[in-house]
Amino acid sequence: MRMSVIGCGYLGAVHAAAMASIGHDVIGIDVDERKVAALDAGSAPFFEPQLRELLAEGRASGRLRFSSRMADAAGAQVHFLAVGTPQIPGGHAADLRYVDAAIDELLPHLRAGDVIAGKSTVPVGTAARLAARVIDSGATVVWNPEFLREGWAVHDTLTPDRLVVGAETDSAGTRAVAVLRQVYAAAVAAGTPFLVTDLATAELVKGAANAFLATKISFINAMAEIAEASGADVALLADALGHDSRIGRRYLGAGIGFGGGCLPKDIRAFAARAEELGRGEAVGFLHEVDAINLRRRERAVRLVVDALGGLVFGRRIAVLGAAFKPFSDDIRDSPALDVAVRLRGLGADVVVTDPAALDNAAAAHPQLGYARHRDDALREADAVVIVTEWDEYRRDLSPTHAGGLVRGRLIIDGRNCLDAAAWRAAGWQYHGMGRR
Ligand code: UGA
């Protein structure tokens, strides 16, 4: 099937490459000409496992192209909308300017029967508004939210755990759903649940899913606060809770909390939309979820300051990690970098290292020190803070090796990802988050 993917960021680039890999003829459109040039040359403009291989495959097959001209989207049967919906400057709502600009530009190229399939995370009601805007073209709007995780984006796109398509129940909507079923025929044949809903429900599914995940993380981080005050161990608590299959262990990783380009801004946009709908109090708890999350960053900084005797001024601190999570170079609202910046703000001599996100971090925060190699960051450090649980730190860093490099054997495990007993046995003072 011929399709366009409008917006080639973390979501769109992967979607375009994945659609080409399952046999569709795809044109990816983005306003950023440098990004288009990189993608068209087969190189991924950001770190995402397996994406480079998929781009190369798409290029070789001739089924995947990229362009900065919206006119090149003309003739596609389905137009996937994958532009960003960041937090509005100075507010909590979603900024829909890129969604609206994409529709403005696409409008002259639409033909009757075209399907516009929204993938961006939008406030409920957006799809109906866009449908009204394109009605004269004869195109149909459906909403097909995306649940991919960065770092697992190719896997999640090719083998999703569910497909959701929201549409009107009229004949155009029914036809558009059939087109989407055809797009995802391979996954559907493999047994992936294909849920058909109205437009509003499909939009809500995405916001609700991210709100639930954020709530789960903040729940365990709230328990970490209680554990800290009572001498309990939140990691053991999470293990014990997780054995209850109604609860489950995933997303019960206590630490410095969630960040990234999705969860933080999505819970805020969700609450802001609920306010607009006069139902703000229904999701008032999301403000608490946000507050608990942000307190964890402060807590990590406090742990470092206290462990260093109350003052970090002039002390050298190795910060392991800058990305908001492993297998990503994304530093948007990264708790890891936030901790580094706060420590620097207190006068510490901070040296950050990360296997993938160093260049992004250095561009955003030139005031921090950076080391490309882990061991250079560790050398002569008075304290080590692990804030992104990359395998390079979690699995591969031996306490004995690290102990030979640092000045002080003090480690703060912001992700509760290390074997505390092993580090203590090697002579380290170990502090976890909410752990004994
Ligand atoms: C999230 C959702 O998981 C995806 O389903 C969704 O499609 C995506 O947002 C989106 O809206 O596009 P992502 O932002 O890639 O995906 O990140 P997650 O893997 O969910 O992690 C989010 C943050 O939570 C990270 O900072 C991670 O370190 C943190 N986290 C995760 C914890 O602190 N504890 C945990 O137990 C799990």
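A crossing is called left-handed if the near helix is turned anticlockwise from the far one by less than a right angle, and right-handed if the turn is clockwise. The model on display is predicted. Two packed helices are described by the angle between their axes and the distance between the axes.

**First stop: helix 1 and helix 3**

Select residues 10-21, which form helix 1, together with residues 51-61, which form helix 3. Their axes come within 9 Å and cross at roughly 50 degrees. Helix 1 is therefore oblique to helix 3. The crossing of these two helices is left-handed. Now show the side chains at the contact: helix 1 contributes Ala 13, Val 14, Ala 17, Ala 18 and Ser 21, while helix 3 contributes Leu 51, Leu 54, Leu 55 and Glu 57. Divided by class, the residues of this contact are seven nonpolar, one polar and one charged.

**Second stop: helix 9 and its two ends**

At the N-terminal end, select Asp 198, which caps helix 9. A side-chain oxygen of Asp 198 lies 3.2 Å from the backbone nitrogen of Ala 200. After the helix comes Gly 231, where phi is positive, near 80 degrees.

The crossing is right-handed. Here Phe 219, Ile 220, Met 223, Ala 224 and Ala 227 of helix 9 meet Val 234, Leu 237, Ala 238 and Leu 241 of helix 10. By class, this contact has nine nonpolar residues, with no polar and no charged ones.

Select residues 285-307 for helix 12 and residues 335-345 for helix 13. Their axes come within 9 Å and cross at roughly 45 degrees, and the two helices are therefore oblique to each other. Helix 12 passes helix 13 in a right-handed crossing. On the helix 12 side, the contact is made by Arg 297, Glu 298, Ala 300, Val 301 and Val 304. Pro 335, Asp 338, Val 339, Arg 342 and Leu 343 make it on the helix 13 side. This contact has six nonpolar, no polar and four charged residues.

Definitions and conventions
Residues numbered from 1 in each chain as written. Predicted model: local features only at pLDDT ≥ 70, side-chain atom pairs only at ≥ 80, totals over all residues. Heavy atoms only, no water. Axes fitted to C-alpha atoms, helices over the stretch in contact; angles between N-to-C directions. Helix = DSSP H or I, 4+ residues; strand = E, 2+ residues; numbered from the N terminus. Parallel < 35°, antiparallel > 145°, perpendicular 65-115°, else oblique. Contact = heavy atoms within 4.5 Å. Nonpolar A, V, L, I, M, F, W, Y, C, P; charged D, E, K, R; others polar. Polar contact = N/O pair within 3.5 Å; in protein donor to acceptor, adjacent residues only side chain to side chain.
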